[in-house]
Amino acid sequence: MRLLRIAPIAATLTVGALALSACTSQDTGPSADRAGAASVSSKPSGKAAGERVQGAPTRVVAEMSLPFEAYQLSPEDYERSQQALWKLTTACMQDVGFTSFGFAPSAGASEQIEAHEDLRYGTYNQQEAERLGYRPDFGQHARVAAVGGEEPHFTAEEEAALDGVSPDGEPAKARSTRGAEPVPEEGCYGQALDELTGGQGETYLDDSTVEELGGQSYEKSLEDPKVAAVFARWSACMAAKSLTYKSPIDANNDPSFTGDVAGTKEKQVATADTQCKNSTGLVSVWHDAEAAIQRSLISENGTKLAKIQALNAVIRVKSAAVLR
């Protein structure tokens, strides 16, 4: 299986994608759409003059991190691993006779992808809330549909050499080019993947463990007494603005927020949401509670997570060596 799509990064960031949807219906409608939209965003380049950012005065949520990040490849790590993977694949393809093969993902896309933990606890930027409601503006980054662009069309012969299996299921054979090496049993891509991961190609970008634990930490955070208390303060703040919601999750997933574009009410609620998050310090309280839960989960799952961390370290080192 060849990986060039954004899916691996989305998987890496799925922990954050749980935000505001973990304990709500995942059917259709605006709630599901907004939750799904939170998988790709541009990296923050710093606060613009006068920008009102949600969070405690000295801790902007965009600057926060969670313990599980130590067990994931960053967007930059992922991009470099893909560059290295296809460099190794290309060398093999040329060795087996495809002398003109030279596919390589373009660099730089990782700069447009953030580990969107700054959206994990909902909207916090008042200017965006006033303009977009609960619909972060990811449209301007829609071109980042894949890291390095879509995988090109390979010929059937190239596919056979990449995968190590011909269309009829038989082992692939190299083109009859003078001096060509035989196609590796696992194909050029499979061989490159094994080299990149130290023989652990099957678990390359497999973040299922971290995703599952991230889901647990988010759910557990909703039961934390400090989070419950700050939700109550936030709700009281909203009530003072004549808005009745028990939690930011309820506000974000208000079923009346329909259509493709945020309406006046949604913008009003989202704006009030950011103001009440700011006045109650909700984001920092929630983040700190979940960070503590994640540290506990790390202690309980140390062996599994250590293996993931070790694999990611191998990938980083090998990628650096190949790209040098």
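Reply: Glu-266 has a relative accessibility of 1%, so this residue counts as buried. The model is a predicted one. Glu-266 forms a salt bridge with Arg-135, and the closest N and O atoms are 2.8 Å apart. The two residues come from distant parts of the chain: Glu-266 sits in helix α11 (residues 264-280), Arg-135 in the loop between α5 and α6, 131 residues apart. Arg-135 is buried too, because its relative accessible area is 15%, under the 20% limit.

The side chains of Lys-277 and Asp-273 meet at 2.7 Å, N to O. These two residues are four places apart in helix α11, so about one helical turn separates them. In general, an α-helix has 3.6 residues a turn, so residues three or four places apart point the same way. Lys-277 counts as buried because its relative accessibility is 0%, and Asp-273 is buried with a relative accessible area of 1%.

Cys-276 is joined to Cys-237, S to S 2.1 Å. Cys-237 lies in helix α9 and Cys-276 in helix α11, 39 residues apart, so that the pair links distant parts of the chain. With -80° about the S-S bond, the link is left-handed. Cys-276 has 0% relative accessibility and counts as buried; Cys-237, at 18%, counts as buried as well. Helix α9 (residues 225-239) is where confidence is highest in the chain, at a mean pLDDT of 98.

The structure holds two disulfides. The other pair is Cys-92 and Cys-188, with sulfur atoms 2.1 Å apart. Cys-92 lies in helix α4 and Cys-188 in helix α7, so this pair ties together parts that are 96 residues apart in sequence. The link of Cys-92 and Cys-188 is left-handed, with -70° about the S-S bond. Cys-92 is buried at 7% relative accessibility, and Cys-188 is buried at 0%. Counting bonded cysteines along the chain, the pattern is 1-2, 3-4.

Back to the charged pairs: a search of the whole structure finds six salt bridges. One of them joins Arg-120 to Glu-290, with the closest N and O atoms 2.5 Å apart. Arg-120 counts as buried at 0% relative accessibility, and Glu-290 is buried with a relative accessible area of 0%.

As for nonpolar packing, the largest core has 26 residues, and Leu-85, Trp-86 and Met-93 are among those with the most contacts inside it. Helices α4 (75-95), α6 (156-163), α7 (187-197) and α13 (302-323) each give two or more residues to this core. The largest share, seven residues, comes from α4. A second, separate core of 25 residues includes Val-227, Met-238, Leu-282 and Val-283.

A note on confidence. The mean pLDDT of the chain is 76, and 68% of its residues reach 70 or more. Over residues 4-62 the pLDDT is below 50. It also stays under 50 over residues 139-148, for which the model has 22 contacts beyond four places in sequence.

Note on methods: Residues numbered from 1 in each chain as written. Predicted model: local features only at pLDDT ≥ 70, side-chain atom pairs only at ≥ 80, totals over all residues. Heavy atoms only, no water. Core = buried A, V, L, I, M, F, W, Y, C linked by side-chain atoms within 4.5 Å. Buried < 20%, exposed > 50% of the residue type's maximum accessible area, 1.4 Å probe, protein only. Salt bridge = Lys/Arg side-chain N within 4 Å of Asp/Glu carboxyl O. pLDDT = per-residue confidence, 0-100. Contact = heavy atoms within 4.5 Å. Disulfide = S-S within 2.5 Å.
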